Amino acid sequence: MKVASVSCKMAGLGAFLTALFIAQPCVAQKLHSYEPLMMDPYSTIYVDDGSCSAGKVLKVQGAPRNHRRKKSCVPLSDLQIGVRSGSAK
């Protein structure tokens, strides 16, 4: 009886560890509804504020002091957006 109990626990632990390795939250991008005033240098965010044409979002890259941010419109299909309950903010 103890052997079956230990093997069930090991199987459960193996399934849990597999799920952790499969889930990759760092791959998902958050879609903002507005461009923030402050950004870290060289960080990248995606903004859906309606400034780009249909099917595209604004890609904003932070810059060091006294430099302008780089902005470009990229297709929404190129992003891997993390789906969360509620709306993306």
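What percentage of the residues of the chain count as buried? I found that 13% of the 89 residues do. A reminder to myself before going further: this is a predicted model.

**Entry 1: the chain overall**

I started with the secondary structure and noted one helix and four strands. Read from the N terminus, the order of elements is α-β-β-β-β. I then looked up the accessible surface, which comes to about 7400 Å² for the chain. Carbon and sulfur atoms hold 60% of that surface. For contacts, I took those with a separation of 6 or more; residues 24 or more positions apart account for 25% of them.

**Entry 2: the sheet**

Next I traced the strands and got an open sheet of four, ordered E1-E2-E3-E4, with mixed pairing. E1 and E4 (70-75) are the edge strands, and each has a single partner, so one side of each has no neighbour in the sheet.

I went through the pairings one by one:

- E1 with E2 is parallel, over two bridges.
- E2 with E3 (residues 56-61) is antiparallel, over four bridges.
- E3 with E4 is also antiparallel, over six bridges.

Then I followed some residues across the strands. Leu31 faces Tyr46 in E2, and Tyr46 in turn stands opposite Lys59 in E3. Further along, Ile45 is opposite Val60 in E3. Val47 has Leu58 of E3 as its bridge partner, and Leu58 stands opposite Cys73 in E4.

**Entry 3: the disulfide**

How many disulfides does a search of the whole structure find? I got one. Cys52 and Cys73 form it, with their sulfur atoms 2.0 Å apart. Cys52 sits in the loop between E2 and E3, while Cys73 belongs to strand E4, so the pair ties together parts 21 residues apart in sequence. I also looked up the torsion about the S-S bond of Cys52 and Cys73: it is about -80 degrees, so this disulfide is left-handed.

Is Cys52 buried or exposed? Cys52 counts as buried, because its relative accessibility is 15% and the cut-off for buried is under 20%. Cys73 is partly exposed, at a relative accessible area of 38%.

**Entry 4: Glu35**

My last stop was Glu35, in the loop between strand E1 (31-32) and strand E2 (44-47). Its relative accessible area is 25%, which makes Glu35 partly exposed.

Which residues is Glu35 in contact with, leaving aside its neighbours within four places in sequence? I listed Val47, Leu58, Val60, Arg69 and Lys71. Two of these names had already come up as bridge partners: Val47 and Leu58. I checked the spacing to Leu58 as well: Glu35 and Leu58 are 23 residues apart in sequence, and their C-alpha atoms are 9.2 Å apart in space.

One, of 2.7 Å, joins it to the side chain of Arg69. Another, of 3.1 Å, is made with the side chain of Lys71.

Notes:
Residues numbered from 1 in each chain as written. Predicted model: local features only at pLDDT ≥ 70, side-chain atom pairs only at ≥ 80, totals over all residues. Heavy atoms only, no water. Buried < 20%, exposed > 50% of the residue type's maximum accessible area, 1.4 Å probe, protein only. Contact = heavy atoms within 4.5 Å. Polar contact = N/O pair within 3.5 Å; in protein donor to acceptor, adjacent residues only side chain to side chain. Pairing = 2+ DSSP bridges. Areas by Shrake-Rupley, 256 points an atom, 1.4 Å probe, with all protein chains shown as cover. Disulfide = S-S within 2.5 Å.
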